Amino acid sequence: MVIAVVVILLVVGSVVFHILSPWWFTPIASNWQSVDDTVNMTIWVTGCVFVAVNLFLAWCIIKFRHKEGRKAEYEPENKKLEIWLVSISAVGIAALLAPGLIVWGDIVTVPEDAMEVETIGQQWHWSHRYPGKDGKFGDVDQSLISVANPFGMDPDDPTGMDDILVSSPEMHLPVNQPVKVLLRSKDVLHNFAVPQFRVKMDLVPGMVTFFWFEPTVEGTYDLLCEELCGIAHHAMKGSVVVESRDAYEQWLGSHPTYADTLNMPEPDLQAGRASYAPCSGCHGQNGEGNLALNAPKLTGLDTAYLVRQVKNFQQGIRGTDPADTLGMQMRGMASTLSDDAAIDNVVAYIGTLPDLPAAKTITGDVEHGEELYETCSYCHGKDGRGIWAMNAPRAAGMDDWYTAAQLKSFRDGLRGAHPQDPYGQQMAQIARMLNEDQEINDLVAYMNTLGSTRVASLDSAESH
Ligand SMILES: [Cu+2]
């Protein structure tokens, strides 16, 4: 009897919870209402069966409960009942499967007027490619991927020259325009998911998968990697900005074509040296860092990282938190570099400076630090030299006091909290595992034991 009551309460509770639950679909922003309809239909079918079966169970427990002198009947076969049960199940299962098959067919049947965009996944980063004026993508090859050619473009294919390469994880799309999304992975399985669009698809190494949709509501949506196993897919965030066609065209025009990236001017080292003069007041004549001024060593960091940091300072992505006084100080200095060319030049000049040994000021439990470093090694490398493909800079052999300070900044939300800072956000998520300052000291003490060889320069870093 008690069991019957519990079963009935479970049924009532589940239905009430379902109706009152705030966890339901996010507002839809695409043409795929049919996906919602399919999910709703599934919930109706499974919900009705759940209610019916459990109420029947409760009824049986009450009706056929133990009574003195009553004997169980044995009825191995009942044709009429079986025909009923099989027919109802057949209809139910067809209702569960058929709409899904039809909707799935629609999702991979791309309309003629769809524009194309390619999204590339890699450990822990998204980038995007647009086909350019000719509307055709150029050939790519995994074996051509390198620091200088992160998209693996084939330089011998003329159709690729006007392809537009967007190396940031933010992609833009014009509203009310069907789009075919082609998905490519550089390394492992990833999963492209934007909840508001109701479509998601795996990126499978070695093949190109695709689906189509039409964004119907302007706005900025989170692009998530829903490949949930693995060390940092959860930290692999991007965004999709849906906007008017004009705004979209303008955004697209601000990105280089593949041909542009081939014709980048060589950095001007003379100009870079001149721009570096004011920097040397804090960072040192040789970029070796200066503990007294809290200015870190700059040599040994890869070009892409240095350029990104200076731009982050300039654009208020780093060094804006009122509690980040040192970052704010650097922010003022970054604005002395007038344009992208000036940044390239000064960073190229820093690349020519000798990589002097860094300060070692912190001690701690090296063995404990080694355990903690295990996680870090996935992105920064076992030797701490940094892994360009993961956007993770050299972390060992840099000023240890600075490393410790940055880990605290990331952990406490002074760095890596800005929505436009996907790499900082990644690092901040990881830094939150370091609850105690002692853990940071242990970690840094271990990192001090790692070799401090200079990271391969931008052009000669190994390709992946
Ligand atoms: Cu992923």
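**Overall form**

I started with size: the protein has a radius of gyration of 29 Å, whereas a compact globule of 464 residues would have one near 23 Å. (The radius is taken over C-alpha atoms, and the globule rule is 2.2 Å times the number of residues to the power 0.38.) I was working with a predicted model, where local features need pLDDT of at least 70, side-chain atom pairs count only at pLDDT 80 or more, and totals for chains, interfaces and linings use all residues. Residues are numbered from 1 along each chain as its sequence is written.

I then noted that the C-alpha trace spans about 100 × 60 × 40 Å along its principal axes. I found 13 helices and ten strands; these are DSSP runs numbered from the N terminus, helices being H or I of at least four residues and strands E of at least two. Of the 464 residues, 32% count as buried, meaning 20 or more other C-beta atoms lie within 10 Å of a residue's own, with C-beta atoms placed from the backbone.

**The largest nonpolar core**

I looked next at the largest nonpolar core, which has 32 residues. (Such a core is a set of buried Ala, Val, Leu, Ile, Met, Phe, Trp, Tyr and Cys residues joined through C-beta atoms within 7 Å.) I387, M390, M427, A431, L443, V444 and M447 touch the most other members. The largest share of this core, six residues, comes from α13.

I checked V444 by itself: leaving out residues up to four places away in sequence, V444 touches I362, G364, D400, T403 and A404. (Contact means C-beta atoms, placed from the backbone, within 7 Å.)

**Helix α7**

(The expected span is 1.5 Å times one less than the number of residues.) I listed its buried residues as T303, L306, R308, Q309, V310, N312 and F313, and they pack against α8 (325-334) and α9 (340-352). After α7 comes G316, with a positive phi near 75°.

**Strand β1**

Last, I looked at β1 (residues 115-122), where six of the eight residues are buried, so the strand is largely enclosed by the rest of the structure. β1 runs parallel to β5 (residues 179-185), joined by seven bridges, and I120 stands opposite R184. (Pairing requires at least two DSSP bridges between the strands.) With β2 (residues 125-130), β1 pairs in the antiparallel sense over five bridges, and a hairpin of two residues joins them. There, G121 has W126 as its bridge partner.

Notes. Buried ≥ 20, exposed ≤ 12 C-beta atoms within 10 Å, placed from the backbone. Contact = placed C-beta atoms within 7 Å.
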